[in-house]
Amino acid sequence: MSSLLGTLLEAQSPELNLEQSEAMRLLASDDNVFLTGRAGTGKSYVIKAFMKGVDDRFFPILASTGAAAVLVGGRTFHSFFGLGIMEGGAEATIERALKDRRLDRRLDRRLRKAKGFILDEVSMIPGIVLNVAERIASTVRQDPRPWGGLKVIAVGDFAQLPPVNPHQNIRSPRDWSFKSDAWLKSNFQSICLNQIMRSADDLEFCEILNDVRLGNVSSRVIQFLEKHKSQTLPKDFEGTVLFARKVDVDRINRSKLSLLKTPSKIFTTQYTGNEKLVSILKNNAPILEEIELKKGALVMCRQNDSKGRFVNGSLGHVERMDDESITVRLVGGNFVELEKVKFSMLDAEGNEVAVAKNFPISLAYALTIHKSQGSTLDRATVSLRDLWEPGQAYVALSRLRTSSGLKVEDWDEDSIISDKDVQKFYQSIV
């Protein structure tokens, strides 16, 4: 990395705001970087701009979960560092990875060839996983520096949903990666984006989101939620209902589809690849094994369109469908014709090992809050009652572009939760 690269990248992206430009300069330095900020501040946008000047063969983007990797057609953090499912815990994982490395030199080649990596949605990575990966990188690269000298760019917002550590007792404190030894050794230079891009014209909504992000049930939060709970919506308002539990999502989607009197058509997802990996892909792909649709059905686009016509989360109604294409009238009136696409699982080397092919849409009458993370919705009805995870309420509300598309079905104060360790962490880096 060099200052010349920073100048080049900034010249390639004149549309960046001042915060984002400063982030770009830091990303182009030799330092390890933690890029964070509230939802809608353009973290992903900055990373895309940065990657225009970087060869991803030497600086890959790694996803924190299999679902995220499938969505972007990338590799997971676990596979890149040879972690597997970390059976047996940290020491057993390190021993197994180094043993396998002697039998199969691909891990060696991968880590020695890399100059660095981007870890997207770092908040979903437990601390134990970060520690193990850092030790493997230093050992394989035979370099005592943190990560064996690799430049690390961690991206994400710890105020969103917490990591899942299957090796940890449910009553133990959450294993946030920022509390790990690897995080401290990495000496991240932190930059927090604050300027909201997605809903810049809705300043009140931005303030409300920040209160909810911090777990602050302020008077303006209460007034806002009560206002959107009691408001009367236009007759033509139709949006996705966000629930905490999958059983509620399935019930709503089946019920709403059954009310349509038009004929139904089932589109079966085609899978290719290793049988075991296909099974994993079925759990991680954003589309189901079968997609049942009817004319008039409310659907959601489940990927970003390369032509910019829609994003992951765009809503619309099915206008026409046959075996080769589906026409959707998006909210706002534009028509788009969708063709079948591939959702791929890649191995650690970036090779395609399992593929799911179908139309990139799903029924959108209801969606779980967990599945909504990463989506941008025009309209939604949100249930904020009986939530149990820090960040759930914030993730649900921050999916909306503006508050004009929001209806609150129900809520309670106990569901607006922020982790105390996360609050202290952000206070320490601001």
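Student: In which orientation do helices α2 and α3 stand to each other?
Tutor: This is a predicted model, in which local features need pLDDT of at least 70 and side-chain atom pairs count only at pLDDT 80 or more, while totals for chains, interfaces and linings use all residues. Residues are numbered from 1 along each chain as its sequence is written, and side-chain values use heavy atoms, with hydrogens and water left out. The axes (lines fitted to C-alpha atoms over the stretch in contact, with angles from 0 to 180 degrees between N-to-C directions) of α2 and α3 (residues 43-51) come within 10 Å and cross at roughly 45 degrees. Angles under 35 degrees count as roughly parallel, over 145 as roughly antiparallel, 65 to 115 as roughly perpendicular and the rest as oblique, and α2 and α3 are therefore oblique.

Student: Which residues of α3 does α2 meet?
Tutor: Contact means heavy atoms within 4.5 Å, and helices here are DSSP runs of H or I with at least four residues, strands being runs of E with at least two, numbered from the N terminus. From α2, Gln 20, Ala 23, Met 24 and Leu 27 take part, and in α3 they meet Tyr 45, Val 46, Ile 47, Ala 49 and Phe 50.

Student: Which strands stand at the edges of the sheet?
Tutor: Two strands pair if DSSP finds at least two bridges between them, and six strands form an open, parallel sheet in the order β3-β2-β4-β5-β1-β6. Each edge strand has a single partner, so one side of it is left without a neighbour in the sheet, and these strands are β3 (75-76) and β6 (189-193).
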